[in-house]
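Have a look at the structure first, then go through the notes below.

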Amino acid sequence: MRRTGCDGLCPVYDVHVYDDGCVVYGGMEHVEVVGRRDSQLTGEQVGRLRTILAEHVRTAEVYGGDTASFFTCPHGVIGFAGVVLTAPEVGVVNPVCYAEFISKGETPLLGGVDYLIDELLGTSRWIGCATGVKGYGGC
């Protein structure tokens, strides 16, 4: 998952999770930690991440049907932060992109999967809380 910039101080970073639970974070802009940090998920956390992805990211929704245009890369909503997501475990092998609306009080796309991922991975320890909403309900 990658978060892209906006017309403000939106955090810009990416995070990769591997089958063995290895987490690799790369902070770029507007984050407390710039650069790479590694951590490790437990087997239970990896299972929870797979469940989150299966519940919220469906190939029919992101690649086809009426909602597919919302997930075309780049997301095309000028001024808003974006999310780029791949989830091979659930068949989303080509990146999907969408605007991050929750910080503007809007309903998050894909059930807020990006915030659920951030919460599970604990990315707030690297991105911090000073630049806006982190995690589905905040930091």
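Start with a pair of residues that sit out of the solvent: R3 and D118 are both buried. Keep in mind that this is a predicted model. R3 turns up again and again below, as a salt-bridge partner of D118, as a salt-bridge partner of D114 and as a bridge partner of V83 in the sheet.

**The sheet**

- The strands make an open sheet of 6, in the order β4-β3-β2-β1-β5-β6, and the pairing is antiparallel.
- β4 (35-40) and β6 are the edge strands with a single partner strand each, so one side of each has no neighbour in the sheet.
- β1 and β5 run antiparallel and are joined by 2 bridges.
- Within that pairing, R3 has V83 of β5 as its bridge partner.
- V84 finds its bridge partner in β6, namely C97.
- β5 and β6 make a hairpin with 4 residues between them. In the turn, G91 has a positive phi of about 90°.

**Salt bridges around R3**

- R3 and D114 form a salt bridge, with 3.0 Å between the closest N and O atoms.
- That pair links distant parts of the chain, as R3 is in strand β1 (residues 2-3) and D114 is in helix α3 (residues 113-121), 111 residues apart.
- Both R3 and D114 are buried.
- R3 also meets D118 in a salt bridge, at 2.9 Å from N to O.
- Here too strand β1 is connected to helix α3: R3 is in the strand and D118 in the helix, so the pair ties together parts 115 residues apart in sequence.

**The R50 and D19 pair**

- Elsewhere, the side chains of R50 and D19 meet in a salt bridge, 3.4 Å from N to O.
- R50 belongs to helix α1 (residues 43-56), while D19 is in the loop between β2 (12-17) and β3 (22-29), so this pair ties together parts that are 31 residues apart in sequence.
- Buried, partly exposed or exposed: which is R50? R50 counts as partly exposed because its relative accessibility is 39%.
- D19 has a relative accessible area of 59%, so D19 is exposed.
- Back at the R3 pairs, salt bridges with shared partners join R3, D114 and D118 into one network.

**E100, a buried charge without a salt bridge**

- E100 sits in the loop between β6 and α3.
- E100 is buried but has no salt bridge. Its nearest side chain of opposite charge is R3, 5.2 Å away.
- What does E100 touch, leaving aside neighbours within four places in sequence? The contacts are R3, F80, A81, G82, V83, D114 and Y115.
- So that contact list takes in R3 and D114, because a contact is heavy atoms within 4.5 Å, whereas a salt bridge calls for a side-chain nitrogen of Lys or Arg within 4 Å of a carboxyl oxygen of Asp or Glu.

**Cysteines**

- Searching the whole structure turns up 2 disulfides.
- One of them joins C6 and C10, with the sulfur atoms 1.9 Å apart.
- The C6 and C10 link is right-handed, with 95° about the S-S bond.
- C6 counts as partly exposed at 22% relative accessibility, whereas C10 is buried with a relative accessible area of 17%.
- C73 and C97 also form a disulfide, with their sulfur atoms 2.0 Å apart.
- The S-S torsion of C73 and C97 is about 95°, so this disulfide is right-handed.
- This pair links distant parts of the chain: C73 is in the loop between α2 (59-63) and β5, and C97 is in strand β6, 24 residues apart.
- C73 is partly exposed at a relative accessible area of 33%, whereas C97 is buried at 5%.
- C22 is partly exposed, with a relative accessible area of 21%.

Notes: Residues are numbered from 1 along each chain as its sequence is written. This is a predicted model: local features need pLDDT of at least 70, side-chain atom pairs count only at pLDDT 80 or more; totals for chains, interfaces and linings use all residues. Side-chain values use heavy atoms; hydrogens and water are left out. Two strands pair if DSSP finds at least two bridges between them. Buried means under 20% relative accessible area, exposed over 50%, partly exposed in between (1.4 Å probe, protein chains only). A disulfide is a pair of cysteine sulfur atoms within 2.5 Å. Lys and Arg count as positive and Asp and Glu as negative; His and the chain ends are not counted.
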